[in-house]
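Hello,

Here is the structure I promised to pass on. Please look it over first; my notes follow below.

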Amino acid sequence: MQEVHTWFQETKLTQYEQMFLENGYDDLEVIAAITDDELREIGVNLPGHRKKILLKASSLRKKMKLDDFGEDAKQVSSTTTKGLLRFITAVMFCTLNLWR
């Protein structure tokens with residue numbers, strides 16, 4: 001729950017923290033998936049505050065995806081790029097040999 005507290009401090013909307021916790025939004029993964037309708041249901045009535053929370057939740061989703069796959073994605077990308085370059089080079093070499 002410390003993560004949730006920190007997240008609310010970063011959003012500068014700490015007045016909603018207790019409301020979120022009381023409604024079961026006690027995990028960043030759950031908060032990251034919150035919708036506008038859910039915000040209305042738990043009592044976030046100001047449109048600007050809902051918008052700000054939704055934008056921060058979207059950023060959180062993007063960050064979580066990067067954290068979940070960060071190093072593996074970089075490695076796969078690098079491996080794929082090297083393999084693709086080898087393939088292209090081989091095709092070019094074979095094509096050049098056909099024209100001789």
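Which side chain makes a polar contact with the side chain of Glu17? The partner is the side chain of His5, at 2.9 Å. A polar contact here is a pair of N or O atoms within 3.5 Å; within protein, one must be able to donate a hydrogen and the other to accept it, and residues adjacent in sequence count only if both atoms are side-chain atoms.

Two notes on the source before the rest. This is a predicted model, in which local features need pLDDT of at least 70 and side-chain atom pairs count only at pLDDT 80 or more, while totals for chains, interfaces and linings use all residues. Residues are numbered from 1 along each chain as its sequence is written, and side-chain values use heavy atoms, with hydrogens and water left out.

**Overall picture**

The protein has five helices and zero strands. Along the sequence, the pattern reads α-α-α-α-α. Helices (H or I, at least four residues) and strands (E, at least two) are DSSP runs, numbered from the N terminus. The protein has 100 residues, and 22% of them count as buried. Buried means under 20% relative accessible area, exposed means over 50%, and partly exposed lies in between (1.4 Å probe, protein chains only). The accessible surface comes to about 7,700 Å². Carbon and sulfur atoms hold 58% of that surface. Areas come from the Shrake-Rupley method with a 1.4 Å probe; for residues, only the protein chains shown count as cover. Take the contacts with a separation of 6 or more: residues 24 or more positions apart account for 50% of them. A contact means heavy atoms within 4.5 Å.

Glu17 is buried, yet has no salt bridge. A salt bridge is a side-chain nitrogen of Lys or Arg within 4 Å of a carboxyl oxygen of Asp or Glu. The nearest side chain of opposite charge belongs to Lys12, 14 Å away. For charge, Lys and Arg count as positive and Asp and Glu as negative; His and the chain ends are not counted. Leaving out residues up to four places away in sequence, Glu17 touches His5 and Phe8.

Lys12 lies in the loop between helix H1 (2-11) and H2. Lys12 is exposed, at 63% relative accessible area. The phi of Lys12 is near 60°, a positive value in a residue other than glycine. Most residues other than glycine have a negative phi.

Gln15 is also placed in the loop between H1 and H2. Gln15 is partly exposed, with a relative accessible area of 47%.

**Salt bridges**

How many salt bridges are there? The count comes to two. Asp36 pairs with Arg40, and the closest N and O atoms are 3.2 Å apart. Both lie in helix H4 (residues 36-42), four residues apart, about one turn of the helix. Arg40 is partly exposed, at 44% relative accessibility. Asp36 is partly exposed too, at 25%.

Asp36 also forms a salt bridge with Arg50, with the closest N and O atoms 2.8 Å apart. This pair links distant parts of the chain: Asp36 is in helix H4 and Arg50 in helix H5, 14 residues apart. Arg50 is buried, with a relative accessible area of 8%.

Is Ile53 buried or exposed? Ile53 is buried, at 0% relative accessibility. Ile53 belongs to helix H5. Not counting residues up to four places away in sequence, Ile53 touches Trp7, Leu13, Tyr16, Phe20, Leu39 and Val44. The C-alpha atoms of Ile53 and Ile31 are 9.1 Å apart, and the two are 22 residues apart along the chain.

Val91 is also found in helix H5 (residues 47-98). Val91 is partly exposed, at 38% relative accessible area. Leu84, Phe87, Ile88, Val91 and Met92 make a nonpolar surface patch of about 480 Å². Patches are made of residues with over 30% relative accessible area and no salt bridge: like charges are joined within 9 Å, nonpolar side chains (Val, Leu, Ile, Met, Phe, Trp, Tyr) within 5 Å.

Best regards
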